[in-house]
Amino acid sequence: MAAIQDILDAFAYYIGSGGYYEKKNGDARYLTRAVENFAANKGDANWTYMGKLCGVNPGQWCAMMVSTAVYEGCGSDKAAAKAAMWGVWPYTACNQLWEAAPEGMRHWSRYQRQTKGRAGSEYAPQPGDVIVFSDNGTIRSHTGMVYASDGSYVYTYEGNSGNMARKRSYSLGSGYIYGYVTLNLDGSGVPSGIAQFQRRLGVAADGVYGPVTKAAAIRAHQTYLNEAFGAELIVDGVWGPATYYATRSVQKGDEDEDVTVWQGLLYCAGQDPKGLDGSFGKNTEAATEAFQTAAALNPTGIADRYTWARMFGQSRPKHTTLKNGSRGAEVKYLQTLLTDHGYPLATDGAFGSLTEAAVRRFQRANGLEEDGVVGPLTWAALE
C-alpha cells in the first residue's frame with residue numbers, strides 16, 4: 001500500500017531546487033533517481049529518465065512524471081503502481097487515466113460543472129489526486145498531481161511545465177482544469193461508498209460511519225441549506241430543530257449538492273444508490289425506499305425532513321405553540337408547510353396577519369378549531 005506522502009515526496013524530489021529539466025544532456029546518471037544537478041539536465045534530446053522508465057521516448061513528459069512519482073512512491077513496484085493507477089501504468093498519455101478510472105473516482109472541475117453542465121457536485125481536490133487539464137475544455141492535454149488545496153486555489157506538482165518539473169497553482173474555477181482522478185492507493189479497487197463519501201467530506205476515509213463522518217455530513221447539509229435557501233444555520237455539525245426546520249426534501253429529478261450528501265448517507269445506512277453523482281435517479285430512489293422500509297417509514301422514495309431526521313437517528317422536534325407575533329426558524333417551517341399544503345406564504349419567519357389567515361384557512365379545511373393558533377392538533381395535521 002502506497003502512502004500519498006511517499007508519492008508526493010517522490011514528485012517533490014524532481015522539482016527540487018529550480019526544477020528538473022526533462023531533456024537528456026548525455027549523462028547516464030539521469031537513469032536513476034540520484035540526480036545531482038537538476039538544471040544540468042537541460043538539452044534538446046527527448047530521452048529522459050521518465051521515458052526510460054515508462055518505455056516511451058519521446059512521450060508526454062507530464063504524464064510520465066506522474067507515473068514516475070507513483071512508481072517510486074510504491075517502492076519501485078510496477079505491479080503496485082499499475083494497481084494504484086487503475087491499470088494504466090505506465091501513464092504516458094494525458095487522456096489515459098481519466099478514461100481508465102471508475103465512476104466515482106473521476107471528479108469534474110468547478111469550471112466543467114458550471115460552464116459545461118457536467119453532472120455532479122462540488123469536489124474538493126485532495127493531496128495525491130491526479131489533476132487533468134484541457135486547453136479547450138474538451139481534449140485532455142496536460143496532467144499533474146495535487147499537493148494541496150485551500151478552498152480557493154489548488155496547488156500542483158507538474159512535469160513538462162516549461163520543459164521542467166515545477167510547482168503551479170490555479171483558481172479552482174479555472175477553465176484550464178478538466179477534473180481530478182483519485183488514485184487506488186489501497187490496491188483494493190473502488191473504495192467503498194462510505195470511503196468515497198468521507199473523501200468528499202474531507203475526513204479520514206476509513207470506510208466506517210462514526211461520529212466524525214456524521215458531524216461532517218450534517219455540516220455539509222447545513223452549508224448547502226445556507227447557500228441554497230438562506231437558512232442562516234450555524235454550521236456546527238449538530239442536528240437540532242433549526243436544521244430540521246430548514247431541511248428540504250430531495251427526490252427523483254433533483255440534481256444538487258444535497259443529493260450527494262443524501263447518497264453518501266444512504267451508503268452509511270447500508271443502502272446502495274449506485275454512486276455519488278448528485279443526481280437523484282431511479283437507483284437513489286430505490287435506495288431511499290429501502291432505507292425508509294428498514295426504518296419503518298412510508299417508502300415514498302422521497303427524502304423528506306422526517307426521513308433526513310431518521311437518517312441521523314433523530315425524530316421530529318417538539319413544537320411550541322405559535323400565534324400572531326411569533327418569530328423565528330419554527331415560524332419559517334410553519335410557513336413552508338402551509339405553502340406545501342396550498343396556502344402560499346413568504347418564509348420570512350414572522351407570524352403576521354397573512355400567516356394567521358393561512359392558518360385559519362388550513363384549520364377550516366381540516367375540521368379544526370379556527371383560532372389561528374398553531375397548537376398540537378394543527379401541527380399534527382400539517383405534518
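**View 1. Y153 and S171 are bridge partners, the latter in strand β6.** This is a predicted model, in which local features need pLDDT of at least 70 and side-chain atom pairs count only at pLDDT 80 or more, while totals for chains, interfaces and linings use all residues. Residues are numbered from 1 along each chain as its sequence is written, and side-chain values use heavy atoms, with hydrogens and water left out. Strands (E, at least two residues) and helices (H or I, at least four) are DSSP runs numbered from the N terminus. Two strands pair if DSSP finds at least two bridges between them. Strand β6 covers residues 164-171 and pairs with β5 in the antiparallel sense over six bridges.

**View 2. Strands β4 and β5 form a hairpin.** Strand β4 (residues 140-149) and strand β5 (residues 153-158) run antiparallel and are joined by four bridges. M145 stands opposite Y157 in β5. Three residues lie between the two strands, and in this turn G151 has a positive phi of about 95 degrees. In a regular strand, side chains alternate between the two faces of the sheet.

**View 3. D129 lies in the loop between α6 (110-116) and β3 (130-134).** With a relative accessible area of 3%, D129 is buried; buried means under 20% relative accessible area, exposed over 50%, and partly exposed in between (1.4 Å probe, protein chains only). The side chain of D129 reaches the backbone nitrogen of Q126 at 2.9 Å. A polar contact is a pair of N or O atoms within 3.5 Å; within protein, one must be able to donate a hydrogen and the other to accept it, and residues adjacent in sequence count only if both atoms are side-chain atoms. Leaving aside residues up to four places away in sequence, D129 touches Y123, G144, M145, V146, Y180, V181 and T182. Contact here means heavy atoms within 4.5 Å.

**View 4. Helix α10 spans residues 257-268.** Its 12 residues reach 17 Å from the first C-alpha to the last, close to the 16 Å expected at 1.5 Å a residue; the expected span is 1.5 Å times one less than the number of residues. Because 11 of the 12 residues of α10 are buried, the helix is largely enclosed by the rest of the structure. Among the buried residues are D258, W262, L265 and C268. The elements covering them include α7 (193-201), α8 (211-229), α11 (282-294) and α12 (305-311). At the start of α10, a side-chain oxygen of D256 comes to within 3.0 Å of the backbone nitrogen of D258. C268 has a relative accessible area of 14% and is buried. Just after the helix, G270 takes a positive phi of about 85 degrees.

**View 5. Q198 is in helix α7.** Q198 counts as buried, at 0% relative accessibility. V212 is 14 residues from Q198 in sequence and 9.5 Å from Q198 in space, C-alpha to C-alpha. Not counting residues up to four places away in sequence, Q198 touches V203, A204, A205, D206, G207, V208 and T213.

**View 6. The largest nonpolar core has 43 residues.** A nonpolar core is a set of buried Ala, Val, Leu, Ile, Met, Phe, Trp, Tyr and Cys residues joined through side-chain atoms within 4.5 Å. The residues with the most contacts inside this core are W262, L265, W308, L334 and L338. Helix α10 supplies the largest share of the core, seven residues. A second, separate core of 38 residues includes M64, M85, Y157 and V181. L334 touches L322, F351, T355, V359, V374, W379 and L382, not counting residues up to four places away in sequence.

**View 7. Helix α3 covers residues 61-73.** The end C-alpha atoms of α3 are 18 Å apart, which agrees with the 18 Å that its 13 residues should span at 1.5 Å a residue. Since 13 of the 13 residues of α3 are buried, this helix is largely enclosed by the rest of the structure. Just after α3, G75 takes a positive phi of about 75 degrees.

**View 8. The whole structure has zero disulfides.** The nearest cysteine sulfur to C94, which is in no disulfide, is that of C62 at 3.4 Å; a disulfide is a pair of cysteine sulfur atoms within 2.5 Å. C94 is buried, with a relative accessible area of 2%.
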